[in-house]
Amino acid sequence: MEAAARDYYGVSARELEVGEAALLAGLVPAPSRYSPRRSPETAKQRRHLVLGRMIAEGWVDPIDAIDYEDAPVLRNQRDRGESLGDATAYVTTVRREIRRLFGPDQPFAYGLRVRTPYDAAIQSAAVAATKMVVDKHLGRQGPRAVADRTYRGKPPPDPYLEDLKGDELPCFLVQVPWNRDLSKLRTQTKTWSLAPSDRYRAVFDERDGHSRGLAGQLRGSELVSVCREGEGDRVVLDAKPWAQSAAVVIENATGRVLAITGGNDVTLEGFVRGAQARRQPGSSFKPYVYGAALASGHTQLDIFNDAPLYLPAGNGAIWSPKNYSGGYSGRVTMRNALTRSLNTIAVRLALEVGPTEVARLARAMGVKTPLRVDLTMALGASEISPLDQATGYSSIARLGVPIDPRFLDVVDNGDGERLGVAGGHIHLDDGTDVVLPGAPGPRAMDAAVAYQLLDMMRSVVAHGTGRRAYNPEYARAGKTGTTNNYVDAWFCGITPLYSVAVWVGTDGSGTLGDSETGGKTALPAWQAIIDALPDQKGLEFSLPDTAVRVEIARELVGFARGEVPSDVLRVPHPGAGPLPPMPD
């Protein structure tokens with residue numbers, strides 16, 4: 001009820017008017033089907049039923065109930081209370097963190113007050129950056145294809161119109177008639193005319209992953225999202241982008257989450273993609289594979305063979321991972337393989353150290369999402385959340401020491417008395433003992449090993465798939481990720497002070513379009529977020545005492561002390577040579 005009150009009316013449940021409370025009570029049996037946004041008339045009928053029962057039970061005067069019956073089912077939230085705006089995803093995540101730690105009742109019983117790491121400027125920058133890539137870069141949602149239905153050459157009665165009855169709202173779905181006349185778009189109650197300026201606007205065609213003019217996409221019967229233009233029957237295309245995105249910003253030294261975004265139009269207690277979306281990370285998962293290989297005794301200049309690889313896949317099938325370029329490079333260093341995101345080398349390394357060890361390292365570094373432990377995880381086939389990626393990468397920045405992501409800095413009771421701080425314990429009167437995230441966990445990776453991995457990820461930015469983020473005056477490391485058919489695009493990057501993970505995709509399995517890679521699609525949002533953070537010019541990553549940097553062909557390369565190859569000066573420049581096209 002609290003979440004619904006915040007979502008629909010922008011106020012706490014205790015501030016609801018009687019009619020509003022009655023409407024929300026009516027939603028309980030089927031909150032989605034009875035939603036006043038989806039079915040305002042149904043919501044009004046449910047409110048009528050609840051008010052009738054309240055009259056019968058003596059809770060509401062019949063005369064007063066008339067006023068409640070006439071009230072609109074929705075009000076502009078700005079008329080009733082302060083909008084959370086860019087902070088909605090962050091506040092929702094904090095509320096869930098409080099319930100996770102204290103349970104659903106204790107925060108209210110004790111009147112807990114919390115102070116969070118939330119940074120309004122960074123949050124706004126993250127929201128703007130992720131919206132920018134899906135709005136300006138990927139564009140608007142085109143028609144939503146439906147099954148082709150014909151009956152002796154004529155369309156049958158259309159069941160989709162039964163659901164198209166939300167045209168009292170500012171934006172709603174309409175159906176394109178079979179003759180594709182855009183001046184006669186249909187809902188259940190009337191027809192609408194699309195503004196001529198939008199009829200040939202380029203929008204995304206989900207059937208093939210391309211953008212083209214709306215009229216040229218239509219076959220009849222599709223659904224299109226439109227918004228009112230004025231008071232008549234004229235409508236325009238809904239300006240909302242069709243794709244989704246999310247970002248997480250973590251302060252490396254403390255694990256404090258400064259910003260988290262949730263996608264388009266996140267509502268309070270809604271789906272926050274930064275924390276909840278589980279998407280295939282593609283090659284952005286490879287640092288855990290290379291980290292496990294380094295921990296097993298390899299150095300980043302060890303040589304592996306980039307060549308065809310054939311592995312059993314069950315039931316007599318064969319799995320042969322391919323590089324994006326379609327070709328192979330022969331003998332390459334581990335450093336060069338990560339820089340160029342060579343898939344065969346990642347699989348060979350996972351085969352050598354074992355998928356179980358890769359999964360163990362990822363979990364130790366902070367990945368909480370359950371992983372599918374097999375060789376395909378080397379290429380990022382096992383889903384993960386943006387929060388997990390930012391957390392794991394921040395553990396690399398801390399040279400192998402993990403810290404759980406921290407959303408609470410200080411917890412007080414209702415009287416303002418300090419109960420606990422991040423990393424400490426809170427003892428409540430009922431015997432509950434709560435440990436607040438914020439204390440360093442057991443070391444997951446040797447500091448020298450973590451530094452070598454970090455150094456390899458710097459090469460990704462300087463020479464490889466993340467080179468759009470390169471700036472010689474700033475220390476940056478990271479890894480791109482792109483999944484099959486360009487469904488998900490990632491860039492997860494580290495600076496001396498912050499770790500930022502950015503994901504772009506959809507909530508389903510639709511493609512983002514040809515060549516929409518992590519470096520092309522997600523990295524621009526990462527760059528925009530980094531530019532909004534405090535300037536880090538001249539700062540460097542910490543070099544542990546157990547590691548050393550050796551100059552090789554005018555580039556400093558990291559090693560564990562005592563493990564520098566004796567013939568290191570004869571090793572080719574790790575970033576030399578032309579780079580083939582990269583998917584991520």
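**View 1. Helix H11, residues 286–295, is largely enclosed by the rest of the structure, because 9 of its 10 residues are buried.** Buried means under 20% relative accessible area, with exposed over 50% and partly exposed in between (1.4 Å probe, protein chains only). Helices (H or I, at least four residues) and strands (E, at least two) are DSSP runs, numbered from the N terminus. This is a predicted model: local features need pLDDT of at least 70, side-chain atom pairs count only at pLDDT 80 or more, and totals for chains, interfaces and linings use all residues. Residues are numbered from 1 along each chain as its sequence is written, and side-chain values use heavy atoms, leaving out hydrogens and water.

**View 2. Look at the neighbours of H11.** Its buried residues include Tyr288, Tyr290 and Leu294. The buried residues of H11 pack against helices H12 (334–339), H13 (343–353), H14 (355–364), H15 (386–397) and H16 (447–463), and against strand S19 (477–482); contact means heavy atoms within 4.5 Å. After the helix comes Gly297, with a positive phi near 125°.

**View 3. Here Phe491 meets Trp526 edge-to-face, since their ring centres are 5.0 Å apart and their planes at 75°.** Rings of Phe, Tyr and Trp (its six-membered ring) pair if their centres lie within 6.5 Å; planes under 30 degrees apart count as stacked, over 60 as edge-to-face and the rest as tilted. Phe491 belongs to strand S20 (residues 489–494) and Trp526 to helix H17 (residues 518–532), so the pair ties together parts 35 residues apart in sequence. Both Phe491 and Trp526 are buried.

**View 4. Tyr90, Tyr118 and Phe407 form one aromatic cluster.** The count of aromatic pairs comes to 6.
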